[in-house]
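Dear colleague,

I am handing over a structure with this message, and I would ask you to keep it open while you read the notes that follow.

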Amino acid sequence: MDDESLESNECNDKNSSTVPPLSTLPVDVKVDKVIQDAIRLIVKEQLSKESADTDIDAMIATCAEFMKSFIIMGYDFDDNAVAPIFYAKTDLEADALSHYMQQYFVSSMKDAG
């Protein structure tokens, strides 16, 4: 890179909030901007997903300290359903948890009816 292009990059970094509207830019710059925006979005989504995965792993580890087997179901703060997490170390624990869950739902239906 030459000194002139380095200076223009420094300028863009310092004044990133004063980027001109897309319609006033030359075609090559428009394409570059669209590509940069797409990459920023992908990176942001990936970081968000990794953060959510880390949060779920921490929640499972915490619950595993206090319970042998468990199921976590619910909604996140954006009202999106969270895929159920079924945690059991052995087949016996998994069967017991399934049986308990069935009993719970059956008794809930009896109470409601």
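Predicted model: local features only at pLDDT ≥ 70, side-chain atom pairs only at ≥ 80, totals over all residues.

Phe70 is buried, because its relative accessible area is 3% and buried means under 20%.

Phe70 also belongs to the largest nonpolar core, which has five residues and includes Ile60, Cys63, Ile72 and Ile85 as well. Two or more residues of this core come from helix H2 (27-66), and two or more come from strand S1 (70-75).

Next come the aromatic rings. A pair of such rings is described by the distance of the centres and the angle of the planes, and the count for this model comes to two aromatic pairs. One of them is formed by Phe70 and Tyr87, which are stacked, with 4.8 Å centre to centre and 20° between the planes. Since Phe70 lies in strand S1 and Tyr87 in strand S2 (residues 81-87), this pair ties together parts that are 17 residues apart in sequence. Tyr87 is partly exposed, with a relative accessible area of 22%.

Tyr104 and Phe105 form an aromatic pair that is edge-to-face, with 5.5 Å centre to centre and 70° between the planes. Tyr104 counts as partly exposed at 47% relative accessibility, and Phe105 counts as partly exposed at 41%.

With kind regards

Conventions:
Residues numbered from 1 in each chain as written. Heavy atoms only, no water. Core = buried A, V, L, I, M, F, W, Y, C linked by side-chain atoms within 4.5 Å. Buried < 20%, exposed > 50% of the residue type's maximum accessible area, 1.4 Å probe, protein only. Helix = DSSP H or I, 4+ residues; strand = E, 2+ residues; numbered from the N terminus. Phe/Tyr/Trp six-rings, centres within 6.5 Å; stacked < 30°, edge-to-face > 60°.
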